[in-house]
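This report describes the fold of each chain and the way the copies are arranged.

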There are 2 protein chains.
Amino acid sequence: MVRGVREERELIHRLDSLGFAVLRAPASGSRTKLDRPDILAGRKGFVLAIEVKTSRKKTFYVRKESVEQLIRFSDRFGAKPYLAIKFKHTGLDWFLVKPENLVKTGKGFKVSLNDLKMKGESLESLVTKSLTEYL
Amino acid sequence: MVRGVREERELIHRLDSLGFAVLRAPASGSRTKLDRPDILAGRKGFVLAIEVKTSRKKTFYVRKESVEQLIRFSDRFGAKPYLAIKFKHTGLDWFLVKPENLVKTGKGFKVSLNDLKMKGESLESLVTKSLTEYL
């Protein structure tokens, strides 16, 4: 459930090729205590605030605070919060998932491949939805 | 006309206290060739893409490409492009200026204190304008 620098870079280029302008956060966030996502991607005013999670496991956990700060940031900014999840070595593409579709556990959220096959969205379907909603 | 890390951090905290959610770009941009501003600040969908310039001189120059990539990024994202300019050791506050209000020279743009006293905006007036326009 680390950020995964190489995967993140690939995601940024995908978003770029889908017409988004993209800004990624600095690698280490020691300087400020401000909320922030890993990636902000905007396309003519449709803005995604994205927290990137990669894992070699098919089930992993995400800290509550990680999701909560994403939601706070997004509310303030005027962005839609999403987690972008990559299950490494599966050959599967990114799953995009809204915080409200994550499974709650005691101390945070559980992310599983099986669950995301149901509730996750592909990047492309997200962009298509954005076109229908915003243009 | 460098970015000025300390000044930039101060600007980020100012924007934060004015109700913006703020993301700053990584310090060095060697990894990608994508356009990007130094700071993205959003407040309920009103988004500023900001290029930060600080100088000890009262007149300095900004490269054409630096401004052009800011405009390209902003157009794609759906943000308003601004340069945030701090004349160090003057005791003066930040000047915010739109690219179209910069003075063109042969290879770029000229920024002068005298000129910005006319054409620059304060952070607070920019926020007030955003309220009138967007809420």
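In chain B, residue B:V62 has B:F109 of β8(B) as its bridge partner. The model is a predicted one.

The strands β4 and β8 are part of an open sheet of 3 strands in chain B, with the order β4-β8-β7 and antiparallel pairing. Its edges are formed by β4 (59-63) and β7 of chain B, each of which pairs on one side only.

Another open sheet in chain B has 5 strands in the order β1-β2-β3-β5-β6, and its pairing is mixed. Here the edge strands are β1 (21-24) and β6 (95-97) of chain B, each with pairing on one side only. On average, and with direction ignored, neighbouring strands of this sheet are turned by 25 degrees against each other. Within the sheet, strand β2 (residues 39-43) and strand β3 (residues 46-55) of chain B pair in the antiparallel sense, with 5 bridges. B:I39 has B:I50 in β3(B) as its bridge partner.

Helix α2 (residues 64-77) of chain B also lies across β3 and β5 (80-87) of chain B, and runs at about 165 degrees to β3(B).

Beyond β6, the loop between β6 and β7 (103-104) of chain B holds B:E100. Is B:E100 buried or exposed? B:E100 has 9 other C-beta atoms within 10 Å, so B:E100 is exposed. B:E100 and B:Y82 are separated by 18 residues in sequence, and their C-alpha atoms are 9.5 Å apart in space.

**Chain A as a whole**

Chain A contains 4 helices and 8 strands. Along the sequence they follow the pattern α-β-β-β-β-α-β-β-β-β-α-α. The radius of gyration of chain A is 14 Å, close to the 14 Å given by the globule rule for 135 residues, so chain A is as compact as a globular protein of that length. The C-alpha trace of chain A spans about 40 × 35 × 25 Å along its principal axes. Of the 135 residues in chain A, 37% are buried. Among the contacts in chain A between residues at least 6 apart in sequence, 60% join residues at least 24 apart.

**Strand β3 of chain A**

Strand β3 (residues 46-55) of chain A is mostly covered, with 10 of its 10 residues buried. Both of its faces are covered: A:F46, A:L48, A:I50, A:V52 and A:T54 are buried on one side, and A:V47, A:A49, A:E51, A:K53 and A:S55 are buried on the other.

| Partner of β3(A) | Sense | Bridges |
|---|---|---|
| β2(A), residues 39-43 | antiparallel | 5 bridges |
| β5(A), residues 80-87 | parallel | 8 bridges |

β2(A) and β3(A) form a hairpin with 2 residues between them, and A:K44 in the turn has a positive phi of about 50 degrees. On the β5(A) side, A:V52 stands opposite A:A84.

**How the chains meet**

The contact takes 26 residues from chain B and 25 residues from chain A. On the side of chain B that touches chain A, two or more residues each come from α1 (5-17), β1, β2 and α2 of chain B. The largest share, 4 residues, is that of β1(B). By class, this side of chain B has 13 nonpolar, 4 polar and 9 charged residues.

How are the two copies related? Chain B can be laid on chain A with an RMSD of 0.0 Å by a turn of 180 degrees and a shift of 0.0 Å along the axis. The two copies are therefore related as by a two-fold rotation axis. The same surface serves both copies, as 96% of the contact residues of chain B recur in chain A. The residue of chain B that comes closest to the rotation axis is B:P26, at 2.1 Å for its C-alpha.

Definitions and conventions. Residues numbered from 1 in each chain as written. Chains lettered and ligands numbered in written order. Predicted model: local features only at pLDDT ≥ 70, side-chain atom pairs only at ≥ 80, totals over all residues. Pairing = 2+ DSSP bridges. Axes fitted to C-alpha atoms, helices over the stretch in contact; angles between N-to-C directions. Contact = placed C-beta atoms within 7 Å. Least-squares fit on C-alpha atoms with pLDDT ≥ 70 in both. Buried ≥ 20, exposed ≤ 12 C-beta atoms within 10 Å, placed from the backbone. Rg over C-alpha atoms; globule rule 2.2 N^0.38 Å. Nonpolar A, V, L, I, M, F, W, Y, C, P; charged D, E, K, R; others polar.
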